[in-house]
Amino acid sequence: MSSYRISDEKFDEIRAEVLQTWPTGKDIDFEEAVAYQKAIPESKNFAVAMRKASEKGITLCQPRAGVALIQDHIKLLQYLENEGQADLLPTTIDAYTRLNRYQEAANGIQRSLEARTSLLNGFPAVNHGLYGCRQVTEAVKSPIQVRHGTPDARLLAEITLAGGFTSFEGGGISYNIPYAKKVPLAKSIEDWKYVDRLVGRYEERGIHINREPFGPLTGTLVPPCVSHVCALVEGILALRQGVKSITLGYGQGGNLIQDVAALISLRNLAHEYFQREGLTDYELTTVFHQWMGGFPSDEAKAFAVISWGSAVAVLAGADKVIVKSPHEAMGIPTKEANGMGIRCTKQAVNMLKEQHLPISDEHKIEIEQIEKEVHSIMDKLYELGDGDIEKGTIAGFAAGAIDVPFAPSIYNQGKILPMRDNHGFIRIFNKGNMALSDEIMNYHREKLEERGKAEGRKVCFQMVTDDIYAISKGALVGRPR
């Protein structure tokens, strides 16, 4: 047993408090939940589906989706499963629940009932409680995952896992730094250790639950080294608590070579650092997120963005792809638009599933570069934590040794400025205080200077702004007009 693992006594002490934070918590009984999970068919188990996808070398398709009312949510998921042809299903949680504002979620449910339409941007699982969640999970044939954005997801995890969900997304970094402003990182990491220990307890009873850290972070020009470090740390923290099915993710950057290199390096690095920690009992899979930035408002152009992301997911060997809809630029998509996004993705995945991308010298250079950058940052985090990656990560964010671009958290320095080079690779213009060597930064500056020369302008902040809006305007690199 890991020396970092929360003891049963401590866990039970915390659990007693967690289950009292909203009335639906009183319905949760762990032994009953274990018996319920054991009765779920293997065909509906998310962890099993991910393992089989990895073994077969196929890419599964999963959308995002969630509405306020139980029956409406069921209809939405059934539509995505049948008409949309999704392999895996989501339940996206509403914003009030993500902030533990359950009374406001309750008000949203009431307003939605009165309006006969969803007035929340997701499914308020805590308010609907154990039996509401079971209505949802029993109404579909496919594995189903909880997707959200919650710094403190302890009660949400208790209710949804007891409710029959077999995968839970997020982590103490990725569901804090990009989502919250004033939540201390030490607190969110501690709260997520509880979630992972809960999953570990299910594992000890023979229930396989998948855990998936949120790879894209802010989804805006995130260098692979930044998202990789966060994913690796969250993976280590999860495995320490007894998690066995871990899916690490990466958000599409836009350049095929860099995106493929990123997925390859993520797998390599995960095995390296998990084994460094003495963690060997795990099933590692990967997820690729289609473009997370601004989308074109024109549906035809949006489908092009979706198709490109679908192709890259397959060529990068991702076990799962998170699907966008052609209505991304307009807000929450209709079920029909969501279904079209899945069918578009499925078409591309099916066309490419027997094809493989030869790994070129350019890929190898980028893989080596990403791994070098991750090693540089991780070495510093271990140093700051006196060998403990959890302590080092908290200290590392405080020092800016790891820094997420464009994140709202006051516990993130936010000094890093990324931009694209002349070929669309995401490079670092200003590292802030990130633990990257002069050699690494010289490489980035050299690549950015090539772009500046090609465009006839100095490398400057305006390039960052141009790149943020480029894809929504029909390009990858934001060049002056």
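Tutor: Let us begin with a unit of this predicted model: strand E6, helix H11 (residues 256-276) and strand E7 form a right-handed β-α-β unit.

Student: What makes the unit of E6, H11 and E7 right-handed?

Tutor: A crossover is right-handed if, with the strands pointing away from the viewer, the path from the first strand over the helix to the second runs clockwise. The unit of E6, H11 and E7 is right-handed, and so is the β-α-β unit made by E5, helix H10 (residues 224-240) and E6.

Student: How do you know that E6 and E7 are paired, and in which direction do they run?

Tutor: Two strands pair if there are at least two bridges between them. Seven bridges join E6 to E7, and these strands run parallel. One example is glycine 251, whose bridge partner in E7 is histidine 289.

Student: How many bridges join E5 to E6?

Tutor: Two bridges join strand E5 (residues 210-212) to strand E6 (residues 245-251). Since pairing requires at least two, E5 and E6 count as paired, and they run parallel. Asparagine 210 has serine 245 in E6 as its bridge partner.

Student: Why are E1 and E2 described as standing at the edges?

Tutor: The open sheet has eight strands in the order E1-E8-E7-E6-E5-E4-E3-E2, with parallel pairing. Strand E1 (60-62) and strand E2 (89-92) each have a single partner strand, so one side of each lacks a neighbour in the sheet. On average, neighbouring strands are turned by 25° against each other, direction ignored.

Student: What makes E6 largely enclosed?

Tutor: A residue is buried when its relative accessible area is under 20%. Seven of the seven residues of E6 are buried, so the strand is largely enclosed by the rest of the structure. Ser245, Thr247, Gly249 and Gly251 point one way from E6, while Ile246, Leu248 and Tyr250 point the other way. In a regular strand, side chains alternate between the two faces of the sheet.

Student: How do you know that the buried residues of H2 line one face?

Tutor: In helix H2 (residues 30-38), the buried residues are Phe30, Ala33, Val34, Tyr36 and Gln37. Seen down the axis of H2, they fall within an arc of 165°, so they line one face of the helix. They pack against helix H1 (8-18), helix H7 (125-138), helix H8 (154-162) and helix H9 (185-204).

Student: What is found at the start of H2?

Tutor: There, a side-chain oxygen of aspartate 29 reaches to within 3.3 Å of the backbone nitrogen of glutamate 31.

Key: Residues numbered from 1 in each chain as written. Predicted model: local features only at pLDDT ≥ 70, side-chain atom pairs only at ≥ 80, totals over all residues. Heavy atoms only, no water. Buried < 20%, exposed > 50% of the residue type's maximum accessible area, 1.4 Å probe, protein only. Helix = DSSP H or I, 4+ residues; strand = E, 2+ residues; numbered from the N terminus. Arc of directions from axis to C-beta. Contact = heavy atoms within 4.5 Å. Polar contact = N/O pair within 3.5 Å; in protein donor to acceptor, adjacent residues only side chain to side chain. Axes fitted to C-alpha atoms, helices over the stretch in contact; angles between N-to-C directions.
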